[in-house]
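Have the picture open as you read.

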Amino acid sequence: MISTIKKMFKEGRDFVKAGNLEKADEKFDMCIAQLAEATLRGVTEIEGSSVDLWKSRVWVAIEKSGLLPD
C-alpha cells in the first residue's frame with residue numbers, strides 16, 4: 001500500500017491541473033491516510049523520501065489547490 005504514494009500524489013496534482021478538485025481531494029486524502037499509517041508503523045522513509053517530507057508535500061499541494069476549508 002505504501003509504495004503507491006508517489007503515484008497518488010502525482011494523480012492528485014494532475015486532477016488539480018485539470019480542475020477536478022473533488023478527485024484531487026480524494027487522492028490527497030488517500031495520501032494522508034497512507035502517511036498516517038506509515039507513521040503509526042514507525043516507517044521513516046517512503047520511495048526514497050522521508051515520511052515528513054511527504055507530509056509537507058501533500059500539505060502544500062492541498063493548500064495551494066484551495067482544498068482547505070475556510
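Q: How do α1 and α3 run, roughly parallel or roughly antiparallel to each other?
A: Helix α1 covers residues 5–18 and helix α3 covers residues 51–64; helices here are DSSP runs of H or I with at least four residues, strands are E runs of at least two, and both are numbered from the N terminus. The two pack at an angle of about 15° with their axes 11 Å apart, where axes are lines fitted to C-alpha atoms, for helices over the stretch in contact, and angles run from 0 to 180 degrees between N-to-C directions. Angles under 35 degrees count as roughly parallel, over 145 as roughly antiparallel, 65 to 115 as roughly perpendicular and the rest as oblique. So α1 and α3 are roughly parallel.

Q: What is this model, and how are its residues numbered?
A: This is a predicted model, in which local features need pLDDT of at least 70 and side-chain atom pairs count only at pLDDT 80 or more, while totals for chains, interfaces and linings use all residues. Side-chain values use heavy atoms, with hydrogens and water left out, and residues are numbered from 1 along each chain as its sequence is written.

Q: Which residues of α3 make the contact with α1?
A: Contact means heavy atoms within 4.5 Å. On the α1 side, I5, K6 and F9 take part. Their partners in α3 are W54, R57, V58 and A61.

Q: How many charged residues are in the contact of α1 with α3?
A: Ala, Val, Leu, Ile, Met, Phe, Trp, Tyr, Cys and Pro count as nonpolar, Asp, Glu, Lys and Arg as charged, and the others, Gly among them, as polar. In this contact there are five nonpolar residues and no polar ones. The charged count is two.

Q: How does α2 run against α3, roughly parallel or roughly antiparallel?
A: The axes of α2 and α3 come within 10 Å and cross at roughly 160°. That makes this pair roughly antiparallel.

Q: How many nonpolar residues does the contact of α2 with α3 have?
A: From α2 come F28, C31, I32, L35, A38 and T39, and they meet V51, W54, K55, V58, A61 and I62 in α3. By class, one residue is polar and one is charged. The nonpolar count is ten.

Q: What is the angle at which the axes of α1 and α2 cross?
A: These two helices are roughly antiparallel to each other. Their axes come within 8 Å. The crossing angle is roughly 155°.

Q: Is Q34 buried or exposed?
A: Q34 lies in helix α2, residues 21–41. Its relative accessible area is 5%, and the cut-offs are under 20% for buried, over 50% for exposed and partly exposed in between (1.4 Å probe, protein chains only). So Q34 is buried.

Q: Which residue's side chain makes a polar contact with the side chain of Q34?
A: A polar contact is a pair of N or O atoms within 3.5 Å; within protein, one must be able to donate a hydrogen and the other to accept it, and residues adjacent in sequence count only if both atoms are side-chain atoms. At 3.1 Å, the side chain in question is that of T4.

Q: Which residues does T4 touch, not counting those up to four places away in sequence?
A: One of them is the polar-contact partner of T4, at 3.1 Å between side chains. Another lies in the loop between β1 (45–46) and β2 (49–50). The two names are Q34 and E47.

Q: What value is phi of E47 near?
A: Most residues other than glycine have a negative phi. E47 is not a glycine, yet its phi is positive. The value is near 50°.

Q: Which residue's backbone oxygen does the side chain of S65 reach?
A: S65 is in the segment after α3 and counts as buried at 14% relative accessibility. S65 also touches V16, L21 and F28, leaving aside residues up to four places away in sequence. Its side chain reaches, at 3.1 Å, the backbone oxygen of I62.
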